[in-house]
Amino acid sequence: MIKDRDIVAGCKADKPKSQRLLYDRYCRLVMGTALRYCPNPEEAEDLAQEIFIKIFTKIHQLQEEITLTSWIHKIATHTCIDMLRAKKKPLTIPYEEMPNEIGDMNCNYYDDIPTEKLLAFIQDLPEGCRTVFNLCVIDGLSYEEAAAMLSCSETTLRAQCCKARKILKKKIENYEKTY
Amino acid sequence: MKKHIDDIFKEQFEQFEAPVSDGLWDKIQQNPGWQQHLRRQKIRNLSIYAVLAVIVISSCAVLLHQRNNIDNQDIEISAIEENFSEAPQSTTTAQSNDNNDSTPEVSADETSIPADSAPETAVDPTVQSSSNAPETMTPAEDTPNIIIPATTEHAVPQDNAVTNEKASEKAANNNNSNKNSTQASESNNKSNNTPGSNESPTNTPNTNENTNPNNSLFSIPNAFTPNGDGLNDVFKPVTSADIYQYQLDIFAMSGQHIFTSRSLEYGWNGEFQGGAQNSGNYIYVIKYKDNSGREHIDKGQLLLIR
């Protein structure tokens, strides 16, 4: 098993073999990220291409202390946001009133929903909600960072997040009821 | 079981991996952005090679140029010295001719002693040419010596010739070219008042032992500043090799002999007969033997800066 560090060294020297190794190891992760942000599989594949080109062309900027996985993750999310922005100029997160009552965000869950179904739930979210939920909840960015990236207020982000949670809760509960 | 929405999705998607279609790698390779990157890389590599090539070529050119300069300088110096050693000969022709014969070979000289009349000198050139020809590097130098004496040979008194012969024989016995050349340069220095005595030795070492300065055992500065500041006040060559019979001579560009040193520690301070010399180019001639007994002569120009 070749270590990530060696792969990175090879990629920094622009060795095609190392690039292929990196691709083979991380293509599924990149694809998964792309699909969360972009429901259309074809568009997600284009996104994955862009992400890999960015990885290969900017890998010399990767510092030693950052792990390859988290760096790729970061590149992937940024590229996704950039692409969404380019596609819908400008990417706007619609203003959302903060609901008076946040409500209980816990729901009955029995670990039996397949991941593909959960992915579909995310993909079905309105674009604004989906992006914010991906960024702030799954990718774990702070509201501050996300606000800077999406150039909107933190309050809007929080509201969008709440909206996404509500929709997702409803979907999960429906699913649990039906099966 | 109750669970927070965020946790559900975080757990499922933090390391979420989706299947990838087989063609994605090829698509990346054919992506215009990637192609552009590869092209840029190619151009960058090419330009690096080009820069390296230019550096190598230019350094070669500089080296060649410097080498040519040294060669030219060497030729210039030997030309100057030829001129200045020929000058006295033109005035006192016959004597110098006699000496030319006597120094390289005593036997040749002996043939010349018994009678030094005109027919004898007619033999001389042949002897001389046979003894000197293989060694001389600049034949032009010999020709005036041969031609001119034939016309004015009669003027030379025999006594003079004998004393010359003795002096040169002594020199030959010593077998010390350094000594010869000092005498030679001293005689030149005396503005040729006693021209006959020791001129020929200058010719022989100059022409015969024209060693390549590139093989010099010395590192020789090309300039010095005798202004008393303690830095480069004295011109002297430096060496780490074993040197024997060392002698340093300094000449002005006019050919005038200015300085002699036989000690490696003792260099020229830029003065001649107590007077500071002007800025300008001077010629140095360093004669020495290395530890294998081989004779070297290093010549070159040095710049005096005030």
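User: How many helices and strands are there in chain B?

Analyst: This is a predicted model, in which local features need pLDDT of at least 70, side-chain atom pairs count only at pLDDT 80 or more, and totals for chains, interfaces and linings use all residues. Residues are numbered from 1 along each chain as its sequence is written, and chains are lettered from A and ligands numbered from 1 in the order in which they are written. Helices (H or I, at least four residues) and strands (E, at least two) are DSSP runs, numbered from the N terminus. On that basis chain B has 10 helices and 10 strands.

User: In what order do the 5 strands of the open sheet in chain B lie?

Analyst: Two strands pair if DSSP finds at least two bridges between them. Strand 3 (223-224) and strand 6 (257-261) of chain B each pair on one side only, as edge strands. The pairing in this open sheet is mixed, and the order is 3-10-9-5-6.

User: Which residue of strand 9 of chain B is the bridge partner of B:Leu248?

Analyst: Strand 5 (residues 244-252) of chain B runs antiparallel to strand 9 of chain B, joined by 7 bridges. On strand 6 of chain B, B:Leu248 has B:Ser261 as its bridge partner. In strand 9 of chain B, the partner is B:Ile286.

User: Which residue takes a positive phi in the hairpin of strand 5 and strand 6 of chain B?

Analyst: These two strands of chain B pair in the antiparallel sense over 4 bridges. Their hairpin has 4 residues between the strands, and the phi in question is near 100°. The residue is B:Gly255.

User: Which helix of chain A supplies the largest share of the side that touches chain B?

Analyst: Counting two residues as in contact if their C-beta atoms, placed from the backbone, lie within 7 Å, 28 residues of chain A contact 28 residues of chain B. Elements of chain A that each supply at least two residues to this side include helix 3 (41-58), strand 1 (106-108) and helix 8 (154-178). The largest share, 8 residues, comes from helix 2 of chain A.
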